[in-house]
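Below are my notes on the model you sent.

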Amino acid sequence: MGQITLDRVTKSFGDIAVIPPLDLTIGNGEFVVFVGPSGCGKSTLLRLIAGLEDVSSGSIRIDGKDATALPPAQRGLAMVFQSYALYPHMTVRNNIAFPLKMARLDKAAIDRKVEAAAKVLNLTSYLDRRPGQLSGGQRQRVAIGRAIVREPTAFLFDEPLSNLDAALRVNMRLEISELHASLGTTMIYVTHDQVEAMTMADKIVVLNAGRIEQVGSPIDLYSRPRNRFVAGFIGSPRMNFIEGEAARGDGADCIGIRPEHLALSTESGRWSGTVTVSEHLGSDTFVYVQVEGIGTLVARAGGEFPVHHGDRVWLTPQTEKLHRFDAQGNAVSSAAPGVKVA
Amino acid sequence: MATAHSRAAARLTMSPAVVLLLGWMLIPLAMTLYFSFLRYNLLMPGQEEWIGVLNYQYFLTDPAFFAALGNTLALVGGVLVLTIAGGIGLALLLDRPFWGRGIVRLLIIAPFFVMPTVSALVWKNMLMNPVNGLFAAIAKGLGLQPFDFLAEAPLSSIILIVTWQWLPFATLILLTALQSLDSERLEAAEMDGAGAVDRFIHIILPHLARAMTVVTLIQTIFLLSVFAEILVTTNGGPGTATTNITYLVYAQSLLQFDVGGGSAGGIVAVVLANIVAVFLMRMIGRNLDI
Ligand SMILES: Nc1ncnc2c1ncn2[C@@H]1O[C@H](COP(=O)(O)OP(=O)(O)O)[C@@H](O)[C@H]1O
Ligand SMILES: [Mg+2]
């Protein structure tokens with residue numbers, strides 16, 4: 001079990017409302033990612049669910065039971081903090097065993113569970129070290145180990161990978177996804193990195209200034225963003241937005257087109273411009289094009305596309321992949337009815 | 001600072017300070033050592049003569065020495081326990097947000113700035129005095145017999161006075177340590193099911209271990225030489241009830257005019273202090289390598 005329901009939840013610090021009334025349902029076994037820019041209230045929302053902050057109003061139910069007033073320990077949730085929050089004076093073994101000791105389990109059961117968790121997380125040979133003697137990735141695993149031994153109804157992660165280097169981050173991302181697949185426990189994962197959100201989530205919750213902008217599967221958000229904020233936030237490099245005359249031609253105040261949906265040509269096309277920067281990655285080429293009367297557009301070409309600074313190129317949007325927005329930034333007549341789900 | 005040249009320059013520029021400090025410490029120490037082997041009484045000037053270890057023999061077999069040794073240990077130990085326990089309690093209180101916290105923090109530190117003689121006089125005459133003191137007035141107000149602190153429980157009273165002086169120091173160091181405790185660590189423990197008591201025992205106390213070691217070390221150095229508080233309140237009495245080693249050396253040299261015996265006592269005190277220092281260094285070595 002691990003269903004979490006937020007009903008009209010709000011949170012203010014003093015007279016600053018960080019979370020305006022918010023409803024959200026997280027299904028059993030789902031991997032839900034809260035994503036949004038820094039300071040938008042992701043951590044606050046997670047801490048409300050964990051019970052580390054009191055809600056200002058509204059209610060939280062976990063598995064159908066009202067948990068709004070329950071202390072953190074009784075909610076059956078486990079949290080992995082951004083700083084890992086390990087206990088530096090305890091060995092890895094004692095760190096992982098701590099929640100079990102607090103639950104007053106007998107020693108044999110504790111040992112068994114700690115050994116099992118250590119095995120899953122490849123920590124067996126580090127059990128007698130202190131956290132200070134471990135690398136960042138190993139510390140992260142200890143924090144996860146401390147969470148899984150409790151067999152919680154749901155895991156809460158607050159930007160757990162942001163202190164790791166890029167290569168390790170990709171690794172840990174996979175490990176957490178595998179962990180979710182093997183445990184099948186509900187996980188709520190907070191990040192400001194849309195790549196993490198897209199790669200890991202069953203369901204993404206896009207937050208902006210405490211408000212939920214959109215909830216949906218990664219591909220849903222990618223192909224049918226409800227507004228300009230979501231459209232700009234999801235996808236990398238971000239979507240190109242075109243306003244003014246060119247947009248009005250397409251019957252909207254603003255049109256958006258992703259770099260991968262702009263065809264590049266050195267001969268002809270809808271818009272022409274000069275290349276300012278071209279990034280050659282081998283697998284892809286990202287070309288920044290200065291277009292007269294529109295501004296800079298980014299286009300992606302698969303494989304190598306041999307253009308350089310100053311070259312003239314033509315860009316043509318795939319019309320069925322165009323996103324149209326009204327003056328308020330809301331999507332109108334959702335981009336294309338028959339978007340192929342990749 | 002790694003080349004031979006820069007090391008030589010460093011030594012050269014350091015040497016005046018080192019020589020000055022060595023002279024400052026070694027000359028008095030050497031003189032004390034020398035005096036401790038002499039019959040040197042201020043009432044018999046000009047009759048100093050070499051008497052070997054006789055001064056040490058007298059000092060170490062004097063029943064007052066054992067009393068003083070016990071009193072010194074009781075004083076140091078008692079004050080350490082009280083200041084660390086009290087300091088942790090106060091630090092925990094002061095770490096919470098409450099109205100007027102700034103002022104209260106300032107007031108808590110105040111006793112540290114009062115010189116020992118003055119605070120001992122205030123305690124003796126204004127608080128503990130069985131006739132005029134505040135405590136006596138309170139006792140009388142409650143219909144109780146006033147308690148003559150310095151006569152009935154002299155050593156405990158001095159421990160109380162010295163604790164009052166050193167509590168701010170301990171509180172300050174422990175509060176700083178407490179503020180450096182990552183709040184996420186406490187929250188993690190809370191989520192792990194640790195109640196307030198478990199969090200205190202398993203998270204807060206271990207985090208404070210280093211600060212407690214520092215407090216112990218620094219206070220011990222100063223507490224071994226407590227003197228003014230004793231001189232002002234009890235003069236080491238009644239009998240030898242509040243005589244510590246420092247006061248005994250003073251009494252020997254300047255009340256009995258036996259400079260030789262006093263010097264021997266001083267050297268004994270130096271040896272004892274070094275034994276304590278070795279113990280403390282071991283303890284610190286263990287505590288600081290987390
Ligand atoms: N304890 C607090 N007191 C006052 N304001 C806070 C507190 N915690 C968070 N905030 C404010 O709430 C907003 C959201 O913070 P947070 O949830 O940490 O953002 P995120 O995790 O999305 O970066 C921020 O503007 C922050 O300044
Ligand atoms: Mg955050």
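1. Contact here means heavy atoms within 4.5 Å. In this predicted model, Arg105(B), Ile108(B) and Ile109(B) of helix 4 of chain B meet Pro168(B), Thr171(B), Leu172(B), Leu175(B) and Gln179(B) of helix 8 of chain B. By class, five of the residues in this contact are nonpolar, two polar and one charged (Ala, Val, Leu, Ile, Met, Phe, Trp, Tyr, Cys and Pro count as nonpolar, Asp, Glu, Lys and Arg as charged, the others, Gly among them, as polar).

2. The axes of helix 4 (residues 101-109) and helix 8 (residues 154-179) of chain B come within 8 Å and cross at roughly 135°. Axes are lines fitted to C-alpha atoms, for helices over the stretch in contact, with angles from 0 to 180 degrees between N-to-C directions. Helix 4 and helix 8 of chain B are therefore oblique to each other (under 35 degrees is roughly parallel, over 145 roughly antiparallel, 65 to 115 roughly perpendicular, the rest oblique). Helices are DSSP runs (H or I) of at least four residues, numbered from the N terminus.

3. At the interface, 16 residues of chain B are in contact with 23 residues of chain A. The count of salt bridges between chain B and chain A is three (a side-chain nitrogen of Lys or Arg within 4 Å of a carboxyl oxygen of Asp or Glu). Asp198(B) forms a salt bridge with Arg104(A), with the closest N and O atoms 2.9 Å apart.

4. Residues are numbered from 1 along each chain as its sequence is written, and chains are lettered from A and ligands numbered from 1 in the order written. Local features need pLDDT of at least 70, side-chain atom pairs count only at pLDDT 80 or more, and totals for chains, interfaces and linings use all residues, while side-chain values use heavy atoms, leaving out hydrogens and water.

How values were computed. Helix = DSSP H or I, 4+ residues; strand = E, 2+ residues; numbered from the N terminus.
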